[in-house]
Amino acid sequence: MRIWLEIVGNSNGVTNSSLLLCFDKRRFLFNCDEGIHRLSKEYKLGFSKLKGIFLTQITQTQISGLGNLLFSLGIQSSKKNTNMHIYGPQHTIPMATSLCEVTSHRGHKLIIHEQLKSDIILQEKLFRIRSIVLRDRKMENYKDNNKENENSTINQTQKVCTLDLENSSKNLQAKSIENIQNKDRKSLIYIVQFNQLKGRFNSEKAKQLGLTENRDIKIIYRGENVTLKNGNIIKPTDVIGPKIDVPPFAIIDIPEHSFLNELIECKEFDPFIRTKENKQIVKEFSSMFYWINNEILLDDRFREWIIKFGPKTKHIFLNKQNEFQLPTNISFRSSFFYRNKLNLIDSKLFPINKKHLIDFEEEKTINEKKVLTKNNNNNENENGNENENVKIYKNKNKNKDENENENKNKNKKQYVSENKGLVEEEEEEGEKEMIDLNKKKAFQLEEKNEQENENKNETQKEQEKKGKKQKTKKTNSGIEKNNERAMEITKTLQQEIKNWHKVNQLDDENENSKKKKIKLPTESYFGKNQMRFYFIPIKQFGFDFTQVIKMEHQYEIQKNGLAALKIFLNDYENVKKNEITNEKKVLTENNKNNENENENVKIYKNKNYKKNENENENKNKKQYESENKDLMEEKKEKGEEEEERCNKVVINKINENNNNTYFNNEKNKNNFQKNNTKQLEKLFQEIVFLGTGSGVPSTIRNVSGIFIRITKKFNILLDCGEGSYGQLLTFYGDKIKKHLQNLKFIWISHLHADHHLGLMKMLKMRETLYLNQFGSLDDYKSPLVIGPAIIRKFINSINRITNELTIFEMYDHEILNNFKKIINNDQNFTILKKFQQIIQVPMLHANHSYGIVLIRNDMKLVYSGDGMPTKELISAGMNSQILIHESTFNESNQQLALKYNHSTIKEALEVSKNMNAKWLILTHFSPRYQKKDFSQFLKENIGLAFDLISITPKSITRVDKISQTLHQLLNDF
């Protein structure tokens, strides 16, 4: 049996840390921020075993990942009647009901526990969980509510509500949300206590006593006596050791200073705290996990309180970093390496911030320095350096005392000074004899001083033994044992938090030089992703970093794969250049003799012979295939490795040859391209795909979101799935402030969860950005949001509970039907004057599903949203410049497309052809096609969307060229 607590995610702008309490067959999650479901797939956390979710607060950071998680678990659950328990503070029930309405949750019965007073909320055989309610003393009605709780005669500690979403009971609960006004903000603390474990069974002693049968052993485990055949009676205490006490742990969330006094005065912590009256601690926590901000961490009151706990208690801080800066600690590793692969293939379409870009040149310089140092050391040994020779021929252990080394160095110096003449003679005779003499003399000096040093060491050891005091420990065996690697990492983590506090102390000392900060306990750490704390087995008790080490090993392995891809691409470019130069030579020689070959030369020189394009393409293919076959035969003789590389070159070369005439035609169309890019710049400046997956996020594809920069100061967002802000932060990095501030318009296509669950965080981060810059929200203008009415009701209901959005404007889809009237008469819609017209088209998908056509400077940008092909979308987007169309399923899954009202790739191609769209970009792929090749469907002016691809008017011509070979390269490496 194993029990451990694991940190999931890093506390930064992309994700916030959650805690996962793991048993062999069950999981319990504490807090549920954005990206939690994606992290579970990334690190295989076993969320199918999830039985309960514990929320410390009802805020955006604690509940934003709950909807997508419940939706995905409802799809995966094989048993329809499984129960999912959700525990939280006041207003948890209305929050969960409104969330389930929007996410269309199925498969589980939700049992929601709303905690009103401090009490035990879950009790099982192995453990029990106790909740402590903290209140915000800053609230106006704090005193009134406190008196009511003291005078109340009703001992109601919690409310329980069961939501069976297959029936219609959820609508009854949702009606009470409209009357909620959250004036009493609360936070929950969870204390997890373990019951006593049975002692260990001593098998050797059992054999000695004659207890060998399994039936008798089971009776002993029950606590009953066993009488053997010889009449001897064996008691459980004879074979089983004493019961084992496992120390508890606590999870604390302090959002603001107004909660701090409630925490310090909390009586539930008295048994764990040292005071003047009670110097001895009755109980001791094994670990305490904190969600706090940096201001509270630097507060002297908090530090005085935290020092009162026992010295063995580990304190782990899950502090948030700056949410507007690109984090260096990476949570989504698969996406990180996938983006680096794409960047190696095309850095313009897939730009990466320098903080997340793997630099192979730095590693080369480091390796070169290591090689140089090794060579220098070898040269010194060959030249007869005495110090190096003595070190090489030592036969003693490395762990010797300092006195021994000092005596050796003195003897070496004496030998060199006394025998200068011998050394000069040896140099004249030769280097070899000199080395031999140095070896002999060195060994002689060591032998002479061995006895003296041993005598000195013995006397020193005896003195040290006398001076040392033996300390007795009354802890269970194996509790404080850790492997060497884990101890090294704990030291580095401890050093990190100490250095971090030193910096903050210096800042505080400059402001208040008279005050001195109280030091934190020595066992203080910053939490990191996949950092574990084991409770059972007792041998493994404490921190465990094996998962962190595995991540580092995987990082090195994938890094080597990227290096191999880079070498392959460089070789491929060199082969391509050589092939082009050889073609030029062959064509120029044949030009003098044959007129037919003269036509091929003209085609190679970019002259427009449209009639013979198809014939020449076939000729070029055959030429390349014959030339590459020769290369294959030559490289088969050299080895299998070069043969595989040549196969890849041939495959990709043939794909490139399909576009040769297109490349050649482009040279004649340079003027046309310049005019085309200038026209597209009038339509948009950049399109960034924040997510290209459907339904639920995968390891390399997030859910839907398209960020478009129309002008320098006007950005829009089409759909906003969960994790959209994190994707925007990873792409723009520290420049996100400018682009987020210019976000003026958000359009949601329909009510499915993968298209709107990231909306609240995006709005909140934009509001906090303005508040940090100007100090108030007096002149703040929220971005215009248009979408289904159900989403507006959902955000308003959640905002009544959380009070996080002060200004929020959202309108229904139908308001854009009178586009021209709204722009001229309503000030809230003046920002839409950047467009000539906005057309919404109903789509065959869910209720209130729409596609959109944006018209600007007589050019069209079309986004289909989700749905099957419609004639209305084709007619509205006729002759469009860019069509972004969903392609959820492949042609082999046509029945699934009909069942769920989605489009296939082939249907999206037909829509583009009938619409006469210049560019088609496919997106919204099902997770089942994560590593599937779609190159067979792709043609000219058609491209695949990847997460964080950047399409500009200049780079759009590269999308179709790169897509045809992209999947093959990515799957090979």
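This is a predicted model: local features need pLDDT of at least 70, side-chain atom pairs count only at pLDDT 80 or more; totals for chains, interfaces and linings use all residues.

Residues are numbered from 1 along each chain as its sequence is written, and side-chain values use heavy atoms, with hydrogens and water left out.

Whole chain. I found 34 helices and 31 strands in the protein chain; these are DSSP runs numbered from the N terminus (helices H or I, at least four residues; strands E, at least two). Of its 973 residues, 50% are buried, meaning under 20% relative accessible area with a 1.4 Å probe, protein chains only.

Helix pair. I looked up H4 (residues 92–103) and H29 (residues 789–802), whose axes come within 10 Å and cross at roughly 165°. Axes here are lines fitted to C-alpha atoms over the stretch in contact, with angles from 0 to 180 degrees between N-to-C directions. H4 and H29 are therefore roughly antiparallel, a label for angles over 145 degrees. On H4 the contact (heavy atoms within 4.5 Å) uses Pro94, Met95, Ser98, Leu99 and Val102, and on H29 Ile790, Phe794, Ser797, Ile798 and Ile801.

Which residues of H33 (residues 905–915) are buried? I noted Ile905, Glu907, Ala908, Leu909, Val911, Ser912 and Met915. Their cover includes strand S27 (859–863) and helix H31 (871–876). After H33 comes Asn916, with a positive phi near 60°.

Methods: Angles under 35 degrees count as roughly parallel, over 145 as roughly antiparallel, 65 to 115 as roughly perpendicular and the rest as oblique.
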